[in-house]
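Trainee: I have just opened this structure and would like to learn how to read it. Could you walk me through it?

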Amino acid sequence: MRIGVVTFPGSLDDRDAARAIRLAGAEPVALWHGEHDLHGVDALVLPGGFSYGDYLRCGAIASLSPIMAEVIGAANSGMPVLGICNGFQMLTEAHLLEGGLIRNDHGSFICRDQGLRVENALTDWTGGFAAGQEITIPLKNGEGGFIASAETLERLEGEDRVVVRYVGVNPNGSLNDIAGISNARGNVVGLMPHPEHAVEPGFGPDTADAMRSGTDGITFFTSVIERMLVSA
Amino acid sequence: MPTIVVEVMPKAELLDPQGKAVAGALGRLGKTRFTSVRLGKRFEITVDGHVDDAVLAEVQELADSVLSNSVIEDVVGIHVLEAPAGETH
């Protein structure tokens, strides 16, 4: 099982995503934005960061990178694709996911361990969760406010395409507390919080049991591996 | 060479935290006459050759597809910049 992680100029969390993939039991494959080659991977992660310095709009210039032609083609033919933070922004800019991300309503960058509720446990990336399960993973962004037109919001809600929702506090003004969504097929998922930062005891969010012991994020990666094994 | 200006603004119905921050600063300077600020982008695109309808149509297309994101922004203006005095085309 090989999962590609695309590095763009200004990507930050590509190494963390690769580490999460390895810890989950798959082989991470480093991919480069400037190539037209997915190296035969089975799934893709677009990692967090500040590609192109967030110039123009977050994720906008990266969404025009050479490799995005292949990413869009693969996503449309059913390959699982996960966009984390800046990767989520790229997926909206590439029109693989609906809506958009704007500056946090309070105007500040925010970094916190964030409570989420998994609303849809049927996507390729959330199959290992139970619907309604509450998890905690880190969130860190300046432009994480999810917005969409009223019709789009209604459709996303009606088709169960809200994958994760903020609980406790809405950290950025996202409409309907939306933290992550999927495409209709459920193979493309984007979210602002960072599952790859909560995959290893000692380096995750605090839990009631022990400091930094939270590993709720690993399930995103084990879910996709399981899904691919089933469909193989 | 001629220059085409494209202006993009956040959608009116959206919160504009940057504009709000600037408006807050104006208020702190005592500029109470100015009640709100909205902040957008201006692109200046230099064209090799002269500007005709086909070039303007191409810029309009780019403004809609690349320079702005219609989910969050509107293209509010496209115009050709007047050449500075003395410059010939």
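Mentor: Gladly! Let's start with one residue: with 29 C-beta neighbours inside 10 Å, C85(A) counts as buried. The cut-offs are these: a residue is buried if 20 or more other C-beta atoms lie within 10 Å of its own, exposed if 12 or fewer, and partly exposed in between, with C-beta atoms placed from the backbone. This is a predicted model, in which local features need pLDDT of at least 70 and side-chain atom pairs count only at pLDDT 80 or more, while totals for chains, interfaces and linings use all residues. Residues are numbered from 1 along each chain as its sequence is written, and chains are lettered from A and ligands numbered from 1 in the order in which they are written.

Trainee: Where in chain A does C85(A) lie?

Mentor: Helices (H or I, at least four residues) and strands (E, at least two) are DSSP runs, numbered from the N terminus. C85(A) sits in the loop between β4 (81–84) and α3 (86–93) of chain A.

Trainee: Which residues is C85(A) in contact with, leaving aside its neighbours within four places in sequence?

Mentor: Two residues are in contact if their C-beta atoms, placed from the backbone, lie within 7 Å. With those sequence neighbours left aside, C85(A) touches G48(A), N141(A), M192(A) and H194(A).

Trainee: What does UniProt list for "active site"?

Mentor: The unreviewed UniProt entry gives C85(A), H194(A) and E196(A) under that name. Its positions are in the numbering used here, feature names are shortened, and annotations may be inferred rather than shown by experiment. The three are spread over 112 residues of sequence, yet they cluster in space, with a largest C-alpha distance of 10.9 Å.

Trainee: Is E196(A) buried or exposed?

Mentor: E196(A) counts as buried, because it has 30 C-beta neighbours inside 10 Å. E196(A) is in the loop between β11 (188–191) and α5 (218–231) of chain A. Leaving aside neighbours within four places in sequence, its contacts include D13(A), D16(A) and I84(A).

Trainee: How many helices and strands does chain A have?

Mentor: Chain A has 5 helices and 11 strands. Of its 232 residues, 58% count as buried.

Trainee: And how many residues of chain B are in contact with chain A?

Mentor: 8 residues of chain B are in contact with 13 residues of chain A. By class, the chain B side has 6 nonpolar, 2 polar and no charged residues. Here Ala, Val, Leu, Ile, Met, Phe, Trp, Tyr, Cys and Pro count as nonpolar, Asp, Glu, Lys and Arg as charged, and the others, Gly among them, as polar.
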